[in-house]
Each structure stands twice: as structure tokens, then as C-alpha cells.
Amino acid sequence: MESITPHHFLILATLLFVVGFLGVLIRRNVLLMLMSLELMLNGVNIALVAFSRSSLNLDGSIFVFFIMTVAAAEVAVGLALLVALFKKRDSVFSEDMRLLRN
Amino acid sequence: MITLSLCLLFLPLLSAAVTLFFLRKNGNVASLLSVFTSGGILLLSLLLIINSEDTPISWDITWFEMGGWALKFGFLLDAPARLLLFVVAFVGFLIHVFSLGYMADDSARSRYFGGLSIFMFSMLGITLADNLIMIFVFWELVGFSSYLLIAHYFTTEDAAQASKKAFIVNRVGDFGFLIGIVLTYWTFGTVNLSELADLADFDPKLTSTLLCLALACGFIGKSAQFPLHVWLPDAMAGPTPVSALIHAATMVAAGIYLLLRIDFLFTPEALNLIALLGAVMGLYAGFCALVQRDIKKILAYSTLSQLGYMAAAFGLGMPGIALFHLMTHAFFKALMFLGSGSVIHACHHEQDIFNYGGLRKRMPITAITFLIGVLAISGVNFLSGYFSKDAILLGAYNFNLPVFIILYLGALLTAVYMFRLYFITFEGEARSHNSEEAKENNLLMTGPLVVLAVLSVIGGYHALFPVSLLEYSLPDIEMVAQLPHHMWMIVLGTSAWIFGLIFSRSFYGKVGEDDPLSSRFPGFFDLCRSKLFFDEIYDFYLKKVQNPLANFLEVMELLFISGLMVRGLAGVSALFALLAKACYVGKIHAYSFWFVVGTIAFIAYAVGLIAF
């Protein structure tokens, strides 16, 4: 049985990031796009933790805490905005939110 | 004193502003305001003239600064300025009063009197200005007010065209004047008149013929001298008092005044040229005046001719005499113009002298005062014109014989065409219904005539005027009095007007509807009528040379500057804008995709995977 190397963590992180990015690209629902964004952030977090572990340095792990904190705050604001938008528009689809283009 | 001169300058501007803002519909109040303003100007001017006798007023403040260069706004009220101030204020006042009568039936009186006030402001500005740039500013302002007043009857084609012509022809002269000012500043480093005088005195080599001729362009335009004389006869389309004030007595004389202000700059060559130019103008305008039928045009050409005399006097080195003649000319020419205005008013705006006749019995005061003007301009002994004009002739005889011969012929012609005008207008039988029914005008119009007639008689006796007024002219008058051949000149001058009187009496004493000259000497008549084709030559130049050139330049401009450069550059940036606009699709998905692509490309470039 092969041991788990930092490469595996990085592949997982990349997969998570790509899945998140495809979600942002493909989904029409803004709520899901927001969740996909969180997924991308988590991919980055995994990469940071993996590097932190392999280089025996805690800086990366500490940085992850910061990212999680900021992400929590950001999600709170983002969801609030989304709720407000939904109340105004009755829709959470991105194609309904193109006032500037028209 | 300075407060007084500031009040003097800005009083008419204030009056014009009040007229413009509050009295546009109220002609009666506007005309009274303007007349009282001109009365105030007269009082203030007299006060200033009396008080500045011992110490010329010289004062300035900085108007604005650009870098190290400061434009001053200042007054220089010295001897020549005092005389012109007197002429402007005095003649101006009389003409304002006359206008009250003349314009009584006009519906646009407030515009007219507002224009007169603006003119008074600008003219006083020229008189008082102490530097060339300030003179230039007011120079343009008198041009503007002249334009405004010529176009008073703007509904008629004549007046509209004439006002444009006057303005544009003056621009040509003023362009030369502006170049002259720039050259002056370039050479001397100042445009202040007193400083210029000191510098030119200190080093006479500084000045050049080119420089003073460029400055003289201003004079040629404003005083309507050859070759820019074409505007003045047309300017007669304006109301007659305006012709009297602006196009005879004061504004056109401002050209002479400009020459006097900068006389220290003139080189002998330039002076000779101006003397010759003036003398030729004196003769040429005489021939033109001889065959005109319009009473105002005759007087206009006579003005040109007299301005030529002043220029000749200046060119001959007698600026004092030139200014003296300016004053006497202002009196008798204003008198004759107002006289013609009185006639025109009485004859319901008939201006053809061959439709007058016999007006002496119906309008005795106008006729007698007009006769005095005619006698004065012809140089009848001991009237005002005799002293100033014969002084010019005597000086010319002693200094420059060719100029004298031309001027003397001009003097003969002056007497002939002036008596012609008088005989045809006032003697004989009435030749039209209008002139049969003419009546003498009221006191508002005859009063100024009488005052001016008195001055035309006594204006030549310089002892009658306060010394401060004629201080500038006195040295030249005394110099001329000392010249030889005095008796000879009296004989010549007297024979000139007697010849004119007898010739006109016999030739024009009994005329019908046509000019006797046209039937007896048709060739000569037609030649004079043509005015040597100046208008035609200028028309030809404009149509065949200037317009095609302008059209060609316009095409070039459209093609290269407007087309290639302006539109071209705009087109290139518009192309980029088009590209950029194509990326703006309004879908958040596209934006996030391009964002990631961009980030990846940036990182790839940063780590060296791709290179541009």
C-alpha cells in the first residue's frame, strides 16, 4: 500500500478547485455559485495545509484559519445580499441580474 | 484728478449699461439719459482740462499679469489728449442734442443712444489711454460701436452691408496695427507711451520704418486713408448725426491722434510716405466728391480729403498743425454734417442734392450755418479753416513742393465741390415736392448748428482758446508763422476759394435734374464716378483670388485635418472600443471565466511559462 504523499493532497485540492470553478461557470443559480466559490476556497485551504505539513511549518495552517474566518464572514454578507436580491426580484438566477447590460 | 478721469471714462459706459438693461423699450428716457451723460462728460472734461494744465495726468494700475509681463490700465492726459478730449466732449455733446431732434420719430431710439454712449466710452478710452495695447482695445471698441451705429437701419440692405464693410476693412488695418504693437514690444520691451518716448529719444536707431508703418496701418484703416478708404463713403448709410460724430469729427480723426501719440517713432522715410499718401488722398477724394449726388457722400469724401490734409501735415513734421486742423475740421465738418442732417430731416430723408434746391428761403438758419461751414472748409480768409489749412499749405510749400502742388489742387477742388453742394442744395428753385415743403427744424437741431457755426468762424484764432487746450499746437503754429512766402500763400489760398466760388456759381448756379458735368465732360465725369475702380478691384480680388483660395484650404482642411487627423484618430480609438465592447456580454459566467483565464495567464507569465 502506497503512503499518502503531499501530491495526493494537491491532486485533491486541484480537483476541489476545478469542481468549484466549473460550478461557478456552469450553474445559473447564484446560491449554488456562491457554494461553488466556497468549494474553491476549501480546495485552496487543503493545498495550504498540505504544504504546511510537508514543510513542517505552521504558517500555512494558521493562514487557513484566517481564510475560514473571512469566508464565514463573506458568506454571511453574500447570503444576506442574496436574500435581499431575492426579495426584490423573486429570482436567484444570474441571467435575471443583468440590469447594466440592458 | 484720477477719480475724475475714471468717472469721465466710465460714465458713458454706465449710461449704456443702464440703457441696455432697463431702458430698451423706453426711448424717451434713454435719449435723455444719454444726452445728460454727454453733458456730464463735457463738464468733467472741461474740469480736467483746466486742472491738468500744469501737471499732465499720468497714472496706471496693473490690469492683469502673465508671467513677468503686466498689462497696465492707465491714463496719460497731456497736451494733445486735452485737445482731443475737448473736441470729443464738446462736439459729442452738441451732436447728442441734435440727435434728440433728428431721431425724435425713430422707434429704436434707445438702441441708437445706447450705441452713442458706447461710442463716447470707447473714444474717451482712446483719448486717455497711456499705452498701445489699451489704445488697441478701445480702438476695437470704437470700431464695434461704429458698426453698431452704421447698422442702425439694419432692415435696409445698404446699411447692413455697409456696417459689415466698415468692420471688415477696419480689421485689415487693425491687423497691421497689432503687428506694429508686437514689433514695438519686441524692440522696446514696453508699450507705454511715455516710456517709449524716452527710449526712442535715448536711442533713435531703435525704431524702424517697418515698425512705424505697421503702426500706421491702424491709422490707415480707422482714418480711411488709401488703400482702405472704401468703407467711409458706405458708412454714410447710418443716421446722419452718427456720420457727423463718428465718421467725420472724432473717430476717423482718432487715426491722426494715434500718429501724434507715437510721432517719436517715425523715421523720415515713413513721414514722407505718409505726407504723400495724405496729399494724394486729399486730391483723389476731391475728385470723387465732385461727382457725387448724395449729400452725405459728398461730405464723406470731403472728410477723406481733409483727413488726407491732416496726414500730410503730420508727414511734413507739423503734428501740432495736424491736431489744430483736426479741431477746426471737427467744428466745420460736424456743422456741415448736422446741416445736411437738418436738410435730410426736413426733406423726409431725401438725400439726392439734385432733388433739393431753393432751401435757403425755407430753412434760413440751416442754410446760413451751412454756408459758414462751406466757407470755412474752403479756406475763406479769417475763418477757422483758413488758419489751419493754409498753415498746412504754407508748411508744404516750404518743406516739400510736390506735396504742396497736390494739396493745392486738392484745395481748389475742395472749394469747387463745396460751393457746388451749397449752390445746388440751397440756391435756385425747388426741384422736388419734398424740398418745396421743407420747413426749418426746431431749436434742438438748429441750436447745435449755430454753436458750431460760431466756432467755425472763430475756431482759427488760437488766442481765444485757453493755452492748456492748444498747448500742443502752439509751437508748430508759431513755427509756421515764421516761415517765408507768407504773402504769396495768402494770395494763392484766397484765389483758390474765389476760383471755387466763381466756377461753381457759373457752372452749378442753375441746374436741372442732372449734373451739368456729366453732359459737358462725360469722360471726366465717368472717371470720377468710377472712383478709380477700387471697389471693383477689391471685389475682384475677393471673388477670384481670396474665395478660391479659401475654398481650396477648406477642402484641404476637410481632407487632412478634419478627415485624416481628427476623424482618423477617433476611428482608431473607436475600433478599440468596439473590441472592448464585444467582451462586455452581461453574463457573470463569461466574466468569471475570463477572470480565471487572465489570472492563469498572468501567473504563467510571472513564473516564465509563457513569454511575450
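Helix H11 of chain B, which spans residues 251–261, is mostly covered, since eleven of its eleven residues are buried, a residue being called buried if 20 or more other C-beta atoms lie within 10 Å of its own, exposed if 12 or fewer do, and partly exposed in between, with C-beta atoms placed from the backbone. Among the buried residues of H11(B) are Met251(B), Ile256(B), Tyr257(B) and Arg261(B). Helices (H or I, at least four residues) and strands (E, at least two) are DSSP runs, numbered from the N terminus.

The model is predicted, and local features need pLDDT of at least 70, side-chain atom pairs count only at pLDDT 80 or more, and totals for chains, interfaces and linings use all residues. Residues are numbered from 1 along each chain as its sequence is written, while chains are lettered from A and ligands numbered from 1 in the order in which they are written.

A contrasting region is strand E1(B), which lies largely in the open because the number of buried residues among its ten is one. E1(B) pairs with strand E2 of chain B, residues 69–77, in the antiparallel sense over nine bridges, and strands count as paired if DSSP finds at least two bridges between them. Within this pairing, Thr62(B) has Lys72(B) in E2(B) as its bridge partner. The hairpin of E1(B) and E2(B) has two residues between the strands, and Gly67(B) takes a positive phi near 65° there. In the loop between helix H2 (27–51) and strand E1 (57–66) of chain B lies Glu53(B), which counts as partly exposed because it has 15 C-beta neighbours inside 10 Å.

Some loops of chain B have backbone features of their own. Most residues other than glycine have a negative phi, and most peptide bonds are trans. His348(B), however, has a positive phi of about 55° although it is not a glycine; His348(B) is found in the loop between helix H14 (319–346) and helix H15 (359–362), and it counts as exposed because it has 12 C-beta neighbours inside 10 Å. Phe382(B) likewise has a positive phi, of about 70°, without being a glycine, and Phe382(B) sits in the loop between helix H16 (364–378) and helix H17 (384–399), where it is exposed, with 11 other C-beta atoms within 10 Å. A cis peptide bond, with omega about 0°, joins Phe226(B) and Pro227(B), and Pro227(B) belongs to the loop between helix H8 (209–222) and helix H9 (231–234).

On the scale of whole chains, six residues of chain A are in contact with six residues of chain B.

Notes
Contact = placed C-beta atoms within 7 Å.
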